[in-house]
Structures are given as C-alpha cells and as structure tokens.
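Subject: Structure handover

Hi,

Here is the structure you were expecting. My notes come after it.

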Amino acid sequence: MLNRYAKAFFVALFTPLAKGLLKLGLTPNAVTVIGTLGVCAGALIFYPMGELFWGTVFITLFVFSDLIDGLMARLSGKGSVLGGFLDSTLDRMQDGAVFLGLLIWFFTGGDHLWLGIVAALCLLLGALVSYVRAKAESLGYTAQGGIAERPERMVLTLVFTGFTGLGLAPEVLLGVLTLLAAASLITVVQRMVGVYRQSLQSPS
C-alpha cells in the first residue's frame, strides 16, 4: 500500500539526489552499503542508549538509501543481479538492527519487558516474512504481498519510536509493535497458503 501511493512522490523527490551522487562517482552498491552502515549505527548506538528520538532522526537520514540506490541503478544502467542480491540482504540487516536496538534498550535501561519481547517477535517474524518469500522463489513459486511488507513495518516502527523518544507513552509503541508482529505472522501464513495453492496447481 505504501509503495502504491508514495513511491512516485519519493522517486520525484530523490531523483535529483541520485543524479548528484552519480556525478560524484558513487555507485549504487556503495550507496547501499553506506545506507546500511548508517541505519545500523543509528539503531545499535542510539537506541541502546535510550536516545529513541535522535536515533530515529539519524536512521531516517540513511533509510532512504534503499530507494536512492535503485534510482541510481536505473539512471546509470548499472543494475545487476549482484546489486539486487546485496540490496535485499542489507535490507534485512537494517530491519534486524532497528528491532535489535529496541529490544536491547527495553530489556535493559528502558526497563519495559513487554516492549523488549514484542521487539524480539518483530525481529523474528520480519525475518521469517522475507525467508518465506526467498525460499518460495528458490523453488519456483511466488510469495509476495501480505498485510505487513517491509515499508509499512519500517515506517510505523520508526515514526512511533521517534514519538516515544519525545514523550509518547511507551504503551502506544507497545500496541503498534504488537500489531506489526501480528500482521507479520498473518503475512507469513498468507504467503505459505499462497505457495501451497500454487503447489496444487503445479504438475506433479
């Protein structure tokens, strides 16, 4: 849903930046790596310190690298299978770092057991959503879609984490992450059912 309504806006917004980075001699893969390092640093340094707002601000400066590197690949004609593999792999690393940073904080200085538990569930189920798709595609099936794809998960997590850092009650973030964990579980089930149905239609 987020991709459908917002992608055109962000493409228009970041195309000049993508062109500028290409002129500087940066490659799409370099931007992918830089963006991942920035997101991971923000999540694993700021969040465990309890700096939820400034951590989110720092992460936001780098999180759009996922869109910018794709724009650069299309503009330069340098897209490749290796680049797609790197992008997908480092996306998982970014997601994991965000939830890992949150669970570290809430299990320690944040002193909120349930938020730590739910952040751990989001980390696990988010990885499972991606794994189901990758495994299905390796077997010749498709397993896309679902109600909790990556953009929705990341936007909601970052927005409400940032607001929590500004004083929003932690229980609100707990509710959001609980819904995301449930939505991720539903997405896993949806994709598994989709693969099962495709297997029934495939010749034995």
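Predicted model: local features only at pLDDT ≥ 70, side-chain atom pairs only at ≥ 80, totals over all residues.

Residues are numbered from 1 along each chain as its sequence is written, and side-chain values use heavy atoms, with hydrogens and water left out.

Annotated sites

UniProt, in an unreviewed entry, puts the feature "active site" at Asp 91. UniProt positions follow the numbering used here, feature names are shortened, and annotations may be inferred rather than shown by experiment. Asp 91 sits in helix α5, residues 81-107. (Helices are DSSP runs of H or I, at least four residues; strands are runs of E, at least two; both are numbered from the N terminus.) Asp 91 is buried, at 8% relative accessible area. (Buried means under 20%, exposed over 50%, partly exposed in between, with a 1.4 Å probe and protein chains only.) Beyond neighbours within four places in sequence, Asp 91 contacts Asp 66 and Arg 150; contact means heavy atoms within 4.5 Å.

The "transmembrane region" feature, also from an unreviewed UniProt entry, covers residues 30-47, 52-73, 113-132 and 153-170. Residues 52-73 are 95% helix and 0% strand, with end C-alpha atoms 33 Å apart. Residues 153-170 are 78% helix and 0% strand, and their end C-alpha atoms lie 18 Å apart.

Salt bridges

There are three. The criterion is a side-chain nitrogen of Lys or Arg within 4 Å of a carboxyl oxygen of Asp or Glu.

- Arg 133 pairs with Glu 137 at 3.1 Å, N to O. Both are in helix α6 (residues 113-138), four residues apart, about one turn. Arg 133 is partly exposed at 31%, and Glu 137 is partly exposed at 39%.
- Arg 92 pairs with Asp 95 at 4.0 Å, N to O. They are three residues apart in helix α5, so about one helical turn separates them. Arg 92 is partly exposed at 30%; Asp 95 is buried at 8%.
- Asp 95 also pairs with Arg 153, at 3.9 Å, N to O. Asp 95 is in helix α5 and Arg 153 in helix α7 (residues 150-165), so this pair ties together parts 58 residues apart in sequence. Arg 153 is buried at 5%.

Shared partners join Arg 92, Asp 95 and Arg 153 into one network.

Cysteines

Cys 40 is buried at 13%, and Cys 122 is buried at 4%.

Best wishes
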